[in-house]
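Open the model in your viewer and keep the selection tool ready. The stops below say what to select next and what is there.

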Amino acid sequence: MTTPYQQQSQAPVPPQSPPQSPPQGPPQAAPPMPPQAPHQTAPHQTNPYQAAPHHHAPHHSAPHHHTQPPQPQPHQPHQQMPSGPPSQPYAGVGPYTSPIPVRRTSLGNALASEWTKIKSVRSTIWTLSVMVALVIGIGLLVAATTADSDYDTVPTTLPGFFGTLLGQLCVVTLGVLVITSEYSTGMIRTTLTACPQRSRVLTAKALVFFTLSFTITTVALVLVAYASMGMHSGPAVAEPTGDQILGATVGAGLYVSLLGLLSLAVGAILRHSAGAITTMLGVVLLPSILPAFLMMSDSLRDLGSKMLEYSSPQSLASLFQIDDGLNNGWPQLSVLAGITAAAMVAAYALLEKRDV
């Protein structure tokens, strides 16, 4: 007979599951540390990726979840926004507006540019200085070495004629160099880029050069004329008339300046310094040399006489009215003006047509 206590002890025991042991594998490694920008971590900040040592948790504990710390951001330079209105609007907003005031150019701007160039080039200063020295120096030398009796039939403005014969060659040379020097150095491309209106460039060059040469030549002739008139005066001296003074000063200065303007036109056509200077020397000298050979033939004598009349030395002699048989020189001046105008028209046409 079993006791109740024995029956209780003999009661069947329900099967129990064996206790789960903790995992025996190696501890889970921490994820690799991402690259950090240099000098971004402060020296006092601890590395968040250095984790505490692992402890085997009991079977009922929750698994560990590794949270990734925030990534350090690279240093961005501080961009300061402009305080004033933007000089260039954003794309798609409107057209570009320059912060510099822009205005349309005119002939006055081209004249200022050419005046700056012609006064800053050494060839201009030297050429004009030699011309002034020839006109004034030779004129005063002739006036000082002549007597009052030498001016009984010729005006006292005659000494300026001898200096002008040589001084005109300087103006011819300068007229060629005013434009051909830019072709030889390649600066003509810069000039025409700054001023695409080519006719405006040539007009500015012609106006500046003509004004400068006319002013300097006329002033030099006026000094010689009045100096010679002061040296030679008396009852035996033929006093010059107003027409003679005008021809010996303004007329001669205008003739020499037109020769220089013709040289500028020839330089614009040929675009070569040596070729243009040689051509102009032929224009000045050949009409004085060829008539001597043409007059040897009866059929060419009239042509030789007309060529000699309109040559440069004879035209200047007419303007100074050296001989009573000569005219006052204004017909020769008109012919030279017509030839110069035709050459300038050709220069304008070729400048617009040809490439630089």
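**Stop 1: H8 and H9**

Select helices H8 and H9, where H8 passes H9 in a left-handed crossing. A crossing is left-handed if the near helix is turned anticlockwise from the far one by less than a right angle, and right-handed if clockwise. H8 covers residues 273-294 and H9 covers residues 301-309; their axes come within 8 Å and cross at roughly 160°. That angle makes H8 roughly antiparallel to H9. Angles under 35 degrees count as roughly parallel, over 145 as roughly antiparallel, 65 to 115 as roughly perpendicular and the rest as oblique. The axes are lines fitted to C-alpha atoms, for helices over the stretch in contact, and angles run from 0 to 180 degrees between N-to-C directions.

Now show the side chains at this crossing. From H8, pick Pro287, Leu290, Pro291 and Leu294; they meet Arg301, Leu303, Gly304, Met307 and Leu308 in H9. Contact means heavy atoms within 4.5 Å.

**Before going on: what kind of model this is**

This is a predicted model, in which local features need pLDDT of at least 70 and side-chain atom pairs count only at pLDDT 80 or more, while totals for chains, interfaces and linings use all residues. Residues are numbered from 1 along each chain as its sequence is written, and side-chain values use heavy atoms, with hydrogens and water left out.

Colour the protein by pLDDT (the predictor's confidence in each residue, from 0 to 100). The mean is 80, and 73% of the residues reach 70 or more. Select residues 1-10: their pLDDT is below 50, and this stretch has 2 contacts in the model beyond near neighbours in sequence. Residues 37-46 also have pLDDT below 50, with 3 contacts beyond near neighbours.

**Stop 2: the whole protein**

Show the cartoon. There are 11 helices and 0 strands. Helices (H or I, at least four residues) and strands (E, at least two) are DSSP runs, numbered from the N terminus. Of the 356 residues, 31% count as buried. Buried means under 20% relative accessible area, exposed over 50%, partly exposed in between (1.4 Å probe, protein chains only). Among contacts between residues at least 6 apart in sequence, 77% join residues at least 24 apart.

**Stop 3: H4 and H6**

Select H4 (residues 159-185) and H6; their axes come within 11 Å and cross at roughly 165°. H4 and H6 are therefore roughly antiparallel to each other, and their crossing is right-handed. Among the H4 residues making the contact are Pro159, Gly160 and Val171, and those of H6 include Phe209, Leu221 and Ser228.

Zoom in on Ser228, which is found in H6 (residues 198-231). Is Ser228 buried or exposed? Ser228 is buried, with a relative accessible area of 0%. Not counting residues up to four places away in sequence, Ser228 touches Ala143, Tyr151, Thr156 and Pro159.

**Stop 4: H10**

Select H10 (residues 312-320). Of its 9 residues, 7 are buried, so H10 is largely enclosed by the rest of the structure. The buried ones are Ser312, Ser315, Leu316, Ala317, Ser318, Leu319 and Phe320. They pack against H4, H6, H7 (242-270), H8, H9 and H11 (330-353). Gln321 follows H10, and its phi is positive, near 55°.

**Stop 5**

Select Cys170, which counts as buried because its relative accessibility is 13%. Cys195 counts as buried, also at 13%. A disulfide is a pair of cysteine sulfur atoms within 2.5 Å, and by this rule the count comes to 0 disulfides.
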